Amino acid sequence: MASPFYLKSLSSTNNSPFVLVLVLIFPCLKLAESQAKLCRTSCGDIPINYPFGVDDGCGSPYYRHILVCSNSGQLELRTPSGRYPVTNISYTDPYILVTDPFMWNCQDRDNFRPTRPFSLDTSTHLRLSSQNDYLFFNCSENDVIMEPKPMFCERFPEQCDSTCDSASYLCRHLPRCAFALRESSCCSYYPKATESLRMMLRYCATYTSVYWRNLGITPGYNQIPEYGIRVDYEIPVTASCLRCQDNVKGGGVCGFDTQSQNFMCLCKRGNVTTYCADKNFQHTSPGAVAGTVTAVSVAGAFGIGAGVWYLRKLRAKAPVTHGVQSNENRLF
């Protein structure tokens, strides 16, 4: 069934062929008005702000395809080793907290499940936080140096980083389940790279990650251990993004062109390369801007292409009007 817009145009133009062009480009014009809405600002109960985006073309290209919002509303971090549930994102510190369901937890106790090493893409602006500690369980004493770290470092200072501390605080006070292990050994070791983590897991039954959560109180004891992986990131601050976000200049959303990855300011009426209130720049058409490619935008682009082709065909047959627009040949 034709839309009311089409029926009204049809009746008011006496079946003019130009109605087809107008109807075809109308969905695209409709999309341009809501271009900024393509960028979701949350996934579940976790806010999504710059530099991140769960829709392609939103946020910074440095973190393109890093975060995924599942159909169930679960935010996940995508890494070479898999996809991991995100429990929190801090934009002031800044860091991402993720959980690894393959890691050991209190419910496992002495029953160790197969695991896989967590890794990050070194080409991104993500890095494992120094506030993480790793606990390894049931390691082979023939292959892993398991000794109290202070004593070992005192005797072998040049090999201090190679020991897995069997007398660490966390091994003696496992978070939320201090006495979960009964017959298994535990030691604390911070792997410098993914490869060293893989080496440890060759000779240990499993492992878990503990990060130190800041309670925000000073001075004194202001951190507590929690299970999870803290991933630190950088916020690329650019003058273009600051202008785009400035409410005085239109209050846009920072994004990028999905093909060139150049900066784009996503606005309510489309996208610009500067800021939304800049009157010197016209808004780009939805077919050439950043943002999620949807069926609507594809249909709009197809409509414009078909409309332009049909218009040219009609103009070839139309009488010459010497550039004067009459009510008969007016498009809008």
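**Entry 1. Terms and model**

Two strands pair if DSSP finds at least two bridges between them. Helices (H or I, at least four residues) and strands (E, at least two) are DSSP runs, numbered from the N terminus. I am reading a predicted model, in which local features need pLDDT of at least 70 and side-chain atom pairs count only at pLDDT 80 or more, while totals for chains, interfaces and linings use all residues. Residues are numbered from 1 along each chain as its sequence is written, and side-chain values use heavy atoms, with hydrogens and water left out.

**Entry 2**

I began with strand E16 (residues 263-267) and strand E17 (residues 270-272), which pair antiparallel over 3 bridges. The two form a hairpin with 2 residues between them. Leu266 has Asn271 in E17 as its bridge partner.

On to strand E15 (residues 253-256), which runs antiparallel to E16 and is joined to it by 4 bridges. Here Cys254 has Cys265 in E16 as its bridge partner. The hairpin of E15 and E16 has 6 residues between the strands, and Gln261 in this hairpin takes a positive phi near 65°.

Is E16 mostly covered or mostly open? I found that 4 of its 5 residues are buried. Buried means under 20% relative accessible area, exposed over 50%, and partly exposed in between (1.4 Å probe, protein chains only).

**Entry 2. The whole chain**

I looked up the totals next. The protein chain has 7 helices and 17 strands. Of its 332 residues, 41% count as buried. Contact means heavy atoms within 4.5 Å. Among contacts in the protein chain with a separation of 6 or more, 59% are between residues 24 or more positions apart.

**Entry 3. The cores**

A nonpolar core is a set of buried Ala, Val, Leu, Ile, Met, Phe, Trp, Tyr and Cys residues joined through side-chain atoms within 4.5 Å. Which members of the largest core touch the most other members? They are Leu67, Ile96 and Phe136, out of 36 residues. Elements that give two or more residues to this core include strand E3 (67-69), strand E5 (82-90), strand E8 (132-137) and helix H5 (194-203). Apart from it lies another core of 14 residues, among them Trp104, Cys106, Leu135 and Phe137.

I then listed what Phe136 touches, leaving out residues up to four places away in sequence. The list includes Cys164, Tyr189, Leu197, Met200, Leu201 and Thr206.

**Entry 4. Helix H5**

Leu197, Met200 and Leu201 are buried in H5. Seen down the axis of H5, its buried residues fall within an arc of 95°, so they line one face of the helix. The arc is that of the directions from the helix axis to the C-beta atoms. In general, an α-helix has 3.6 residues a turn, so residues three or four places apart point the same way. The cover over the buried residues of H5 includes E8, strand E10 (164-165) and strand E12 (206-214).

Thr206 lies in strand E12. Thr206 counts as buried because its relative accessible area is 2%. Not counting residues up to four places away in sequence, its contacts include Trp104, Arg113, Phe136 and Leu201.

Ser140 is in the loop between E8 and strand E9 (146-147). At 22% relative accessibility, Ser140 is partly exposed. Beyond its neighbours within four places in sequence, Ser140 contacts Met146 and Tyr203. Ser140 and Ala205 are 65 residues apart in sequence, and their C-alpha atoms are 8.8 Å apart.

**Entry 5. Rings**

Rings of Phe, Tyr and Trp (its six-membered ring) pair if their centres lie within 6.5 Å; planes under 30 degrees apart count as stacked, over 60 as edge-to-face and the rest as tilted. How many aromatic pairs does the whole structure hold? The search finds 14. One aromatic cluster is formed by Tyr134, Phe136, Tyr189, Tyr190 and Tyr207.

I also noted Lys249 over the face of Tyr275, at 4.7 Å from the ring centre. A charge sits over a ring if NZ of Lys or CZ of Arg is within 6 Å of the ring centre and within 35 degrees of the ring normal.

**Entry 6. Backbone notes**

The peptide bond from Tyr50 to Pro51 is cis, with omega near 15°. The peptide bond from Asp93 to Pro94 is cis too, with omega near -10°, and Pro94 lies in the loop between E5 and E6.

Arg109, not a glycine, has a positive phi of about 50°. Arg109 is partly exposed, at 41% relative accessibility. Asn138 lies in the loop between E8 and E9, and its phi is positive, near 50°.
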